[in-house]
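Grab a pencil and work through these exercises with the model open beside you. Try each task before you read its solution.

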Amino acid sequence: MCARFLERFFKPTPHIVESPPPPSLSHGPGDGVPEYRVKPYFIVASVEMGNTTTKCILTGTNLETGRSYVINKTVTMSRDVRRPLPGETIFGATLDGTELTRESVTELVRDTLIQCHRDAHLSIKDDLDFVVRSTGVVAAMDSPDQVGDFVIALANGCLAAGVPPRKMTPPMSIDNLPPKLRQFSFADRVVFVGAVAGVVPPVGCTGVEMVANEMEGELAMAGIKEGAKWTPVDFRNPCISIDFGTTLDGRITSDVAPDEPNPFAQTTGNFCGLAGAIPDAIVRGTGLVKDRTGTALDLFGDHSIQGVFGGRKRSVVEGYVDRCHEHIDIRIVPPDRTRFGRVPVCAEVADRSGVALIGCDSGVNGSETPALEEIGHEIYAKHGMGMLTEVVDRVCARMALRLIDVAIERGMVPPNSSIGFTGRAAISGRKPEYILEGITARNLYDTPNDHLVFVDDGLARGAALMGRCMNSLGKPKTPLGGVRGGPCIMSRRIKIGK
């Protein structure tokens, strides 16, 4: 009771993990040498093309400690991809309508990958160990399986940059690994069965993926698990991971009994639809960004802040937040929908498979985003930038909490679970603070801050972790698999392999 009383005056600070640079080693005066130059590091390139940004993020994992660092990050705007040339086939578009061809995507990925390595003074051929590709550009595709065409374009970009094919697929045995990795790999004792960070991906009874950006959800979950290692939060199964990029993705995982022979958690829920596209619509109404391609990222950036907004206008803020949420639809995706929030889904397959598909939309497939633009115009014209910033943060926080509420209604948030967020529309501004307040108000946990974490660059961290899983580069002393508070699952994996 005393702690609750004090919390009124001393609010806990959310656990926000920002990507740390790798440490340097110094043997005297002058600049130090980056640790990854002299110690055993597993270097992974995460190549992501989303609706808003295209990134190549180089992460290095110290194989002695299991800690991951961001070595370099190259970010370009996806809207700047070159226009289709005559004779090229347009196979998709971003949410803002930027048309894409296999050739244009290949060139953008190639140039971004080369630039990232050049800036870091690393060789793609000699220093890079693995590449993981992912995309959130699913809005103009007709079905989840069409994402395969996009992934091929990403792969072609990697090959064009000089990435050997063996650095994009798991090794067949420990002998296929580079000598520097073999002593840290358990590939001779365990078999990679497709589980990343102790979770088996969902597959419907037809073998079809239930949501188009399935891989992004998998990477986000893995990345939040890795990022949480920098905090006191034990973010292991059962957990809820939500990626608030331009589009929404993420997963809900099951608990696993200590005596269960199969140590892997099942994916019991998926998130899909619109996320950052909602605040983008609000911001476009102000006229401060481009009408079609402008984003909230252009205006506010992607970093968290701490501050105080004038309480006298709180009721005005809440009024605008309520009006915005009248145009935001968050619920279990109906079985008859093939799209939700413009994202292709197989909702019927998810329903038959017992997987909760939780979606976020504005109207039907974004049909009410013009109404959000009008509200954004009114806020900025009448009250200015301070009010706009506060409304956007509150709108996004309420979106996050409504998603959690749907999971609660389905009984998918047990007391031993943890909740993690990544993506610009959840970790920037004061959103983490407001989300923590909402989780606390729901009385889900005795100590809410020990069950909640916000992680920067979740997809890149997840790519690094996926690369480690594929190469069986685990750290049993600091496990990522298993359940909250439980031991490493390595022994049970070895037993299964036998």
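This is a predicted model: local features need pLDDT of at least 70, side-chain atom pairs count only at pLDDT 80 or more; totals for chains, interfaces and linings use all residues.

Residues are numbered from 1 along each chain as its sequence is written, and side-chain values use heavy atoms, with hydrogens and water left out.

**Exercise 1. Find the residues with the most contacts inside the largest nonpolar core.**

Solution. 
- Start with the term: a nonpolar core is a set of buried Ala, Val, Leu, Ile, Met, Phe, Trp, Tyr and Cys residues joined through side-chain atoms within 4.5 Å. Buried means under 20% relative accessible area, exposed over 50%, and partly exposed in between (1.4 Å probe, protein chains only).
- The largest core has 54 residues, and Phe244 and Phe421 have the most contacts inside it.
- Helix 12 gives the most to this core, with 14 residues. (Helices are DSSP runs of H or I, at least four residues, numbered from the N terminus.)
- Apart from that core lies another of 30 residues, including Cys56 and Cys116.
- As background, nonpolar side chains tend to be buried together in soluble globular proteins.

**Exercise 2. List some contacts of phenylalanine 421, leaving aside its neighbours within four places in sequence.**

Solution. 
- Contact means heavy atoms within 4.5 Å.
- Among the partners of phenylalanine 421 are Ile224, Phe244, Ala400, Ile404 and Phe454.

**Exercise 3. Work out which parts of the chain the pair arginine 398 and aspartate 322 links.**

Solution. 
- The two form a salt bridge, with the closest N and O atoms 2.7 Å apart. That term means a side-chain nitrogen of Lys or Arg within 4 Å of a carboxyl oxygen of Asp or Glu.
- Arginine 398 is in helix 12 and aspartate 322 in helix 9 (residues 314-325), 76 residues apart, so the pair links distant parts of the chain.
- Arginine 398 is partly exposed at 25% relative accessibility, and aspartate 322 is partly exposed at 36%.
- Salt bridges that share partners join Arg314, Glu318, Asp322 and Arg398 into one network.

**Exercise 4. Is lysine 382 buried or exposed, and how far apart are lysine 382 and glutamate 378 in helix 11?**

Solution. 
- Lysine 382 counts as exposed, at 59% relative accessibility.
- Glutamate 378 is partly exposed, at 22%.
- Lysine 382 and glutamate 378 are four residues apart in helix 11 (residues 369-383), so about one helical turn separates them.
- Their side chains meet in a salt bridge (3.6 Å, N to O).

Definitions and conventions
Helices (H or I, at least four residues) and strands (E, at least two) are DSSP runs, numbered from the N terminus.
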